Amino acid sequence: MLTLLRDLRRLRRELDLPHAPGRSLALRHVDAGSCNGCEHELTLMSSPYYDLQRFGLGIVASPRHADVLLVTGAITSRMREPLLVAYEAMPEPRRVAALGDCALGCNLLGTADNLVGPLETVIPVDLRIPGCPPTPDAIAEALLGLIDGSRLNL
Amino acid sequence: VNVESYREQIAAALGDGWRFAGLHASSDGSLVRTLLARATGAMRLETVATAEGAVPSIVDLAPAAGWDEREAHDLHGVTFVGHEPLRPLVDHEAPLERWTVPVRGHDAFQIAVGPIHAGVIESGHFRFHVVGERILHLDARLFYKHRGLERASEGRTLDEAIAFVSRACAGCAVTNGVAYAHACEDALGLVSTPELARARTILLELERMWNHLNDIAATCAGVGLAAGNNSFAALTERARRLNGTLTGHRFLFGSIRVGGSDLTLGPDAVRAAREEVASLRVDSSRSWRELLFNASFQDRLPDIGVVGAPEGARLGAVGPAARAAGVAEDVRAGSPRLAYDGFAPVVPRRAAGDVQARVEQRALELLQTFDLLETLFDRPVGPAAAEPRAQERPIGVGRVESPRGATSCIVERRHDRVERLRLRTGSYANWPVVAYAATDNLLPDFPLINKSFELCYACADR
C-alpha cells in the first residue's frame with residue numbers, strides 16, 4: 001500500500017498534474033425562495049461531471065460548520081427570519097454568496113408584501129454569481145475564485 | 001350553481017366518475033370555482049358565489065380539496081362552512097396549536113425539522129409527532145417560498161403572464177408553461193396544430209426525462225448509495241446538457257409561449273438528439289439493472305411509505321405516486337392538444353404503492369419517454385402556430401401531466417389580460433399524500449419516503 005502511494009506521488013510529480021489550492025471552504029446552502037433551479041444545479045455540482053469536493057469545496061449540514069452561506073432565491077418575507085438565524089449561527093470570519101439572479105434582485109417575480117428584496121438588503125453579500133440559474137460551470141468558477149481569493153468582490 | 005345545490009352537484013359529479021382536480025377563489029373572494037376532471041381528459045368547472053364570504057365545504061366529499069380550501073381562506077378570505085378546524089396553510093402568523101393536529105399520549109413528542117434542511121433542499125417545515133422513532137403524524141408546513149406569483153400575474157397580458165407560471169418552478173417549467181398556454185388558448189378559441197403539438201410534446205418529454213433520472217438519483221441519495229446516486233446524477237447532467245443544446249437552456253426556460261412555438265431543430269439537431277436519447281436509454285437501463293441487483297439498496301425499499309389505491313384516490317394522489325399503487329391514469333392518455341396518440345399509462349407489476357413501486361414507476365416511465373422522444377425526433381421541428389377554430393371564452397383550462405402528476409391551470413381573462421390565474425401542480429396535489437405516507441413509518445425512513453415522491457416546494461408554494 002505504501003509503495004503504491006509512493007508510486008502515485010511520483011507519477012503525479014512527473015506528470016505535473018494541476019494542483020488544487022491547498023485550502024478548503026465549507027458551504028451552507030439556504031433556499032430563501034427560489035424556483036429550485038439553482039438547487040438542481042447545485043446538486044449536480046457533486047455529481048461525477050463536476051465533483052466539486054476534489055477542489056476542497058463541500059456542502060455542510062449546519063451553518064455552525066460553514067465558511068460561506070450560499071443563498072438562492074428572491075428573499076421571501078417568510079424566509080427572512082430563518083435566513084438571519086442561519087447567518088447569525090455562522091462563526092466568523094464568514095462570507096455570503098448570492099447564487100442566481102433572484103438572490104441578486106434581478107427580474108424578481110411576486111408581490112411586494114411577499115418579498116423583502118435582494119439578498120444584500122438583508123445581509124452583506126461578498127460574492128455574486130449571476131445566472132438563471134447559473135450553470136454548474138459558472139458556479140464552480142465563482143466558488144473556485146472565492147477559494148483563492150481572486151473573485152472576492154468585497 | 002347556487003349555494004344550496006353546490007354540495008349536491010359536487011357529490012353527484014363525484015358519484016358519476018368525476019374527480020376533484022382543484023378549487024380556487026376569485027381575486028375578490030366573491031366566487032369559488034371547483035375543477036372536476038375525468039380520466040378521459042374531460043373537464044368541467046363548477047362556480048358558486050359566496051354568501052357573506054362563505055360557501056359550504058366539500059372537504060368531506062373530496063378530501064383532496066383540503067389544501068385548496070385552506071389556501072382560499074388564507075389568501076382570499078373565503079370561509080368554508082363545515083371544514084373544521086380550517087387550519088392555516090399559507091398564513092404563517094398563527095400559533096403552533098392552530099396549524100398542527102393535537103397528538104397526545106404516553107411518550108408522544110414533536111420533532112421540528114426545517115425550514116432550512118441539512119442538504120441542498122428547498123425550504124419547508126415538517127413537524128413530526130413521534131413515539132420513539134415511530135411517526136404518529138406529520139404536519140407539513142410549506143409556503144415558506146410563497147412569492148404571490150398568481151396575484152402578481154393579475155393585470156398582465158396573457159403573453160407576459162407565462163413567466164409567472166413557468167418561473168414558479170424549474171423542475172416543472174415546461175409543464176406549467178404548457179398548462180398555462182393551453183388554458184389561454186382554450187379561452188382564446190385557439191386549437192393546436194399537429195406541429196405545435198409535436199414541438200410541445202418534445203419539450204414536455206425532455207423535462208420528464210431529466211426529472212425521472214434525477215428522482216432515481218435522489219432515491220439512491222436517500223439511502224446513501226453513492227454509486228447509484230452518481231450514475232443517475234451523471235445521466236441527469238447529460239439530459240440537461242441535451243436540453244441546453246436543443247433550446248439554449250438546461251431547464252428549457254423560455255421555450256413555451258401562448259399561441260405557438262418557436263422551437264426550431266434542423267435535421268442534424270434531431271439526428272444528434274435521437275442518438276443521445278438512444279444512448280441515454282442504454283446507459284440508464286444498465287444503471288437501473290445494477291440497482292435491481294444491489295441487495296442492500298433493494299432491501300430498504302419495500303413496504304415503507306405505503307399509499308394504496310383507495311387512500312391515494314381519496315387524498316388526490318396523482319402521477320407516478322398514484323400509478324405506483326396500480327391506478328393506470330395519466331393525463332397524457334387524454335391530451336388532444338399534444339402528440340400522445342395511442343399513449344397508454346404503465347403501472348409496475350408489483351403495484352404496492354410503496355417506495356419500491358414509486359421508484360420502479362420512474363424506470364418504467366423513462367422507457368416510455370425514450371420511446372416517445374425517439375419517435376418525435378424522427379424529422380426536423382419548425383415554428384408552429386395554433387389556429388383559431390373554436391369559440392372564445394372568458395375562462396380557459398389546461399391540464400398537463402408533469403413528471404409529478406396532473407397539473408392544471410385556470411386562466412380567467414378580461415380581453416387580453418389576466419384577471420385570475422390559478423396553477424395547481426402535481427406537487428401541490430401530492431404533498432398531503434406524502435404526509436399520509438409517513439404515518440406509522442420510522443423517522444429515519446422519512447427522507448427516503450420523501451425522495452420517492454421527490455415533490456417540488458417551489459411550484460406548490462408559488
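**Close-up views of a predicted model**

**View 1. Cys38(A) is a buried cysteine.** Cys38(A) has a relative accessible area of 10%, so it counts as buried. This is a value from a predicted model. The structure holds 0 disulfides over all chains. Cys38(A) is in no disulfide. Its nearest cysteine sulfur belongs to Cys35(A), 6.5 Å away.

**View 2. Helix α2 of chain A is largely enclosed by the rest of the structure.** The helix spans residues 37-44. Of its 8 residues, 7 are buried. Cys38(A) is one of them.

**View 3. Cys169(B) is buried and in no disulfide.** Cys169(B) has a relative accessible area of 0%. The nearest cysteine sulfur is that of Cys456(B), 3.5 Å away. The cut-off is 2.5 Å, so Cys169(B) and Cys456(B) are not counted as a disulfide.

**View 4. Three strands of chain B form an open sheet.** The order is β6-β7-β8, and the pairing is antiparallel. Strands β6 (108-113) and β8 (134-141) stand at the edges. Each has a single partner strand, so one side of each is left without a neighbour in the sheet. Neighbouring strands are turned by 20 degrees against each other on average, direction ignored.

**View 5. Strands β7 and β8 of chain B pair in the antiparallel sense.** Strand β7 covers residues 125-131. The pairing with β8(B) runs over 7 bridges. In one of the bridges, Val130(B) has Ile135(B) of β8(B) as its partner.

Notes. Residues numbered from 1 in each chain as written. Chains lettered and ligands numbered in written order. Predicted model: local features only at pLDDT ≥ 70, side-chain atom pairs only at ≥ 80, totals over all residues. Heavy atoms only, no water. Buried < 20%, exposed > 50% of the residue type's maximum accessible area, 1.4 Å probe, protein only. Helix = DSSP H or I, 4+ residues; strand = E, 2+ residues; numbered from the N terminus. Pairing = 2+ DSSP bridges. Axes fitted to C-alpha atoms, helices over the stretch in contact; angles between N-to-C directions.
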